[in-house]
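Reader: I am new to this structure and would like a close look at a single part of it. Could you take me slowly through the charged pairs and the places they sit in?

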Amino acid sequence: MLQKRVEGLWDCAYCGTKGIKARYDTCSGCGKARGIDTVFYLPDDLEAATLTREEEAKTTNEPDWLCDYCDTYNRSDTDVCKKCGAQRKLSKNTYGTLHKLTGMLFGKKRE
């Protein structure tokens, strides 16, 4: 069985922009960062949301990590915070871990 990777979406709680691709940690409408309470959902058209090989190469299946020093989310394939330069090994939580604590790791599309 051929497996495909599909990118989830999220909605901005600040300005209401909807359907922001999960790879983006800030809203394209207002520039605000997604928060800890962000719920990701799958798009209605899964075929259109399937990542190309080029897009797959730029993403990972691992959760992003949160810098304990400046609260910036960083990609899972980086070992140094993009904002303050702190080492990943000094931070204890990943994005997935934080959402498991809130019970909101993944959710359904908000109406």
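Author: What follows is a walk through the salt bridges, with some of the setting around them.

The model is a predicted one, and in it the protein has three helices and four strands, which follow one another along the sequence in the pattern β-β-α-α-β-β-α. Of the 111 residues in the protein, 30% are buried, and among contacts between residues at least 6 apart in sequence, 43% join residues at least 24 apart.

A search of the whole structure finds three salt bridges. One of them is formed by Glu7 and Arg23, whose closest N and O atoms are 2.5 Å apart. This pair links distant parts of the chain, since Glu7 belongs to the segment before strand S1 (9-10) and Arg23 to the loop between S2 and H1, 16 residues apart. Glu7 counts as buried, because its relative accessibility is 10% and the cut-off for buried is under 20%, whereas Arg23, with a relative accessible area of 34%, is partly exposed.

Arg23 also forms a salt bridge with Glu55, and here the closest N and O atoms are 3.3 Å apart. Again the pair links distant parts of the chain, with Arg23 in the loop between S2 and H1 and Glu55 in helix H2 (residues 53-57), 32 residues apart. Glu55, at 21% relative accessibility, counts as partly exposed.

A further salt bridge brings together the side chains of Asp25 and Lys82, at 2.8 Å from N to O. Asp25 lies in the loop between S2 and H1, and Lys82 in the loop between strand S4 (73-74) and helix H3 (95-102), so the pair ties together parts that are 57 residues apart in sequence. Asp25 is partly exposed, with a relative accessible area of 21%, while Lys82 is exposed, with 56%.

Leaving aside residues up to four places away in sequence, Asp25 touches Trp10, Lys32, Ala33, Arg34, Tyr73 and Lys82, and its C-alpha atom is separated by 8.9 Å from that of Gly35, 10 residues along the chain. Lys32, one of the residues that Asp25 touches, has its charged end over the ring of Tyr14, 5.2 Å from the centre of that ring.

The loop between strand S2 (20-21) and helix H1 (46-49) also holds Leu42, and Leu42 forms a nonpolar patch on the surface together with Val6 and Leu46, with about 240 Å² of accessible area between them.

Conventions:
Residues are numbered from 1 along each chain as its sequence is written. This is a predicted model: local features need pLDDT of at least 70, side-chain atom pairs count only at pLDDT 80 or more; totals for chains, interfaces and linings use all residues. Side-chain values use heavy atoms; hydrogens and water are left out. Patches are made of residues with over 30% relative accessible area and no salt bridge: like charges are joined within 9 Å, nonpolar side chains (Val, Leu, Ile, Met, Phe, Trp, Tyr) within 5 Å. Accessible areas come from the Shrake-Rupley method with a 1.4 Å probe; for residues, only the protein chains shown count as cover. A salt bridge is a side-chain nitrogen of Lys or Arg within 4 Å of a carboxyl oxygen of Asp or Glu. Helices (H or I, at least four residues) and strands (E, at least two) are DSSP runs, numbered from the N terminus. A charge sits over a ring if NZ of Lys or CZ of Arg is within 6 Å of the ring centre and within 35 degrees of the ring normal. Buried means under 20% relative accessible area, exposed over 50%, partly exposed in between (1.4 Å probe, protein chains only). Contact means heavy atoms within 4.5 Å.
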